[in-house]
Amino acid sequence: MQNEKHMRPIPYGRQHITEADIQAVVETLQSDFLTQGPKVAEFEQAFVRYVGARYAVAVSNGTAALHLCAMALGVNESSRVITTPITFVASANCVRYCGGTVEFCDIDPATALIDIEQVRQMVESKPRGYYSGIIPVDFAGNPVNLEELRQLADEHGLWIIEDAAHSPGGFFVDSKGERQFCGNGKFAELAIFSFHPVKHIATSEGGMVTTNDEALYKKLLLYRTHGITRDADLLEENHGGWYMEMQALGYNYRIPDMLCALGISQLSRADEGMVRRRQIAQVYDEAFADAKGIAVLGTNPAAMTDAGETGHAYHLYVIQVADRKGLYDFLRGHQIFAQVHYIPAHTMPYYRSLGHKKGDFPKAERYYEACLSLPMYPTLTEEEQAYVIEKVKEFCKA
Ligand SMILES: *Cc1c(COP(=O)(O)O)cnc(C)c1O
């Protein structure tokens, strides 16, 4: 490509900050509220409308959101929780924060999502009560079929935390043909989102929990701020206007007002961003359709409408190639910073120290050997994408 030398480095993901975003932050910075102000509830309300859930609790990051969910569901030393090894480690770590045991389940190689049939086998091989819950992950933005998972969970008395960090705006189509948006609270007790800069909505650091369960919502509010409440209806005593009670051991997982102002501004452009992500995916799909040696990670069939519309939220665009390290290094040499998602969690030294080992989940490990996430973000230009495609094909001789 002619202007290769003038091109800026191309990362796998990046935030999109506009003048309106900056103005929103500046205005809040000049207001009376540096931490907890009106923007927190405003962001929560806007988010609830976006995903279609009843309640939302904004927190300091997605990991804190996961921790609060595990606490609210009562995870403790006797809990065993099932999750996927192909995720960011925080999906599993939240169980460990509460002293519980993480049980991984292998993936469906077609989508790299947790294999629901295998979850069923795990759960059915043990007495009722052996497992406490499941943490499915809408990996890469590809929604898990939560209707199917809910059915299984109900049969066995399990709760579900949907890790929707990759999938705000994504949906699957239920058995009645209705679109079910990720984190809408209809199937999972709780869902979490992250606003890390590579995710769809960026607040620098930030996260959200959504739920339709009022009792869980109240617990989240309590645990978000030290376990302290001032709510007159909840107080055991009341000594006067200053009075508050610490009723549980909580944390400081609050998100500042100015980051919520940024989140509100970002969220107002989320639909545009989603359209662009899906366009980019379509261009990649077409470019690699007949390319020998380049396999595109599939979309969950449950996330496709009859009319062929996709519910995939495309946080990532993942291909699989035989010489993944070769391609990764080659692209880097051309200022294209593709990334690997993920090193299977059970092979991490920490999880190995708990008894997990390489070889436990062969499909996840095989997926890891070949996967590479190509640049995917709304401001990726057509020219940049064409360059990425050209370089991938050049290396793969496709
Ligand atoms: C990013 C991410 C998280 C954690 O979010 P942070 O805001 O970075 O703490 C959790 N789960 C998944 C799948 C993620 O990608």
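This is a predicted model: local features need pLDDT of at least 70, side-chain atom pairs count only at pLDDT 80 or more; totals for chains, interfaces and linings use all residues.
**Lys199**

Lys199 touches Ala165, His166, Ser194, Arg277 and His315, leaving out residues up to four places away in sequence; contact here means heavy atoms within 4.5 Å. I then looked up where Lys199 sits: in the loop between β11 (190-194) and β12 (207-211). Helices (H or I, at least four residues) and strands (E, at least two) are DSSP runs, numbered from the N terminus. Lys199 has a relative accessible area of 13%, so I logged Lys199 as buried. The classes are buried under 20% relative accessible area, exposed over 50%, and partly exposed in between, with a 1.4 Å probe and protein chains only.

I checked the UniProt record next. An unreviewed entry gives "modified residue: N6-(pyridoxal phosphate)lysine" for Lys199. UniProt also places "active site" at Lys199, again from an unreviewed entry. I note that UniProt positions follow the numbering used here, that feature names are shortened, and that annotations may be inferred rather than shown by experiment.

**Ground rules**

I number residues from 1 along each chain as its sequence is written. Local features need pLDDT of at least 70 and side-chain atom pairs count only at pLDDT 80 or more, while totals for chains, interfaces and linings use all residues; side-chain values use heavy atoms, with hydrogens and water left out.

**Glu162**

I moved to strand β8 (residues 159-163), which holds Glu162. Glu162 has 3% relative accessibility and therefore counts as buried. I listed the contacts of Glu162, again not counting residues up to four places away in sequence: Pro136, Asp138, Leu146, Cys182, Gly183, Ala188, Leu190, Ala191 and Ile192. For one of these, Ala191, I also took the C-alpha to C-alpha distance to Glu162. The pair is 4.4 Å apart in space and 29 residues apart in sequence.

**Asp231**

I found Asp231 in the loop between β13 (228-229) and β14 (245-246). Its relative accessible area is 33%, so I put Asp231 down as partly exposed. Asp231 and Met244 are 13 residues apart in sequence, with 8.0 Å between their C-alpha atoms.

**Backbone entries**

I looked for a cis peptide bond and noted the one from His341 to Tyr342, with omega near 0°. Tyr342 lies in the loop between β17 (336-337) and α11 (349-353).

I then looked at positive phi. His226 is not a glycine, yet has a positive phi of about 70°. I place His226 in the loop between α7 (214-224) and β13. At 32% relative accessibility, His226 is partly exposed. Lys397, also a residue other than glycine, has phi near 50°. Lys397 lies in the segment after α13 (382-396). With a relative accessible area of 74%, Lys397 is exposed.

**Helix α1 against α8**

I describe two packed helices by the angle between their axes and the distance between the axes. Axes are lines fitted to C-alpha atoms, for helices over the stretch in contact, and angles run from 0 to 180 degrees between N-to-C directions. Helix α1 (residues 19-29) packs on helix α8 (residues 257-267) at about 155°, with the axes 8 Å apart. I therefore call α1 and α8 roughly antiparallel. The cut-offs are under 35 degrees for roughly parallel, over 145 for roughly antiparallel, 65 to 115 for roughly perpendicular, and oblique for the rest.

I listed the contact residues. From α1 they are Ala20, Asp21, Ala24, Val25, Thr28 and Leu29; from α8 they are Asp257, Met258, Ala261, Leu262, Ser265 and Gln266. By class, this contact of α1 with α8 has 7 nonpolar, 3 polar and 2 charged residues. Ala, Val, Leu, Ile, Met, Phe, Trp, Tyr, Cys and Pro count as nonpolar, Asp, Glu, Lys and Arg as charged, and the others, Gly among them, as polar.

**Helix α9 against α13**

I finished with helix α9 (residues 270-288) and α13, whose axes come within 11 Å and cross at roughly 30°. That makes α9 roughly parallel to α13. Arg276, Ile280, Val283, Tyr284, Ala287 and Phe288 in α9 meet Glu382, Gln385, Val388, Ile389, Val392 and Lys393 in α13. I logged the classes for α9 with α13 as 8 nonpolar, 1 polar and 3 charged residues.
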